[in-house]
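Hello,

Here is the structure I promised to pass on. My notes follow below it.

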Amino acid sequence: MRLKSFDKFCERLILSEPGSQKEVFDERQNVMRSRLAIEALFLYVGMTIVNSMVTELFYQWAESQMTVTLLFAVICLLWWEIRCAVKGCMLAVSGRYAQKYSAVMIIVIGALNGFRYVFDIGEEDYFITDGKLSGDFVFALCFLLMIGCGIFMLCVMRHEEKRNESEVEQ
């Protein structure tokens, strides 16, 4: 269903049922988040294909390809979060507690897994090993980006809550 036809359907639904405006808004947000998730997945696939071609044909720039695909996944997660925040569809009308819980869990998982790699910074060949990025460095970068993703989500949620509070006061 295209968004224009979805909008017409929603207008008829709102006119027929006055209490359904929240559900329609929530469903529209779900549609937008799904489209942006597909966009992020296409970005991930494209980055992975280009990386595979570069490492097979030209130069293997990282020690392990698994770490690179993990890095691409975290970058695409951050891309998805930024796009959702810009479009205004990151926060659903219902389920804000679950979204805060998810953001906190992303921060905790990133911090617990990242500490192992961040504390190894003083080791020899931590950043570059044999002319390639080391696996420890790429993992540390991934988990630091995960922490950034969680913090970004919490900041967007707080900004949205403040905006809603100011709208209620006016």
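Start with F127: its relative accessibility is 43%, so F127 counts as partly exposed. (Buried means under 20% relative accessible area, exposed over 50%, partly exposed in between, with a 1.4 Å probe and protein chains only.)

A word on the source. This is a predicted model, where local features need pLDDT of at least 70, side-chain atom pairs count only at pLDDT 80 or more, and totals for chains, interfaces and linings use all residues. Residues are numbered from 1 along each chain as its sequence is written, and side-chain values use heavy atoms, without hydrogens and water.

Now the rings. The structure holds six aromatic pairs. (Rings of Phe, Tyr and Trp, the last by its six-membered ring, pair if their centres lie within 6.5 Å; planes under 30 degrees apart are stacked, over 60 edge-to-face, the rest tilted.) One of them joins Y126 and F137 edge-to-face, at 6.3 Å centre to centre and 80° between the planes. Y126 sits in the loop between α4 (96-118) and β1, F137 in helix α5 (residues 135-169), 11 residues apart. (Helices, H or I of at least four residues, and strands, E of at least two, are DSSP runs numbered from the N terminus.) Y126 is buried at 5%. F137 is partly exposed at 23%. F127 also pairs edge-to-face with F137: 5.1 Å between centres, 65° between planes.

There is also an aromatic cluster, formed by Y117, F139 and F143.

Last, T129. T129 lies in strand β1 (residues 128-129). T129 is buried, at 16% relative accessible area.

Best wishes
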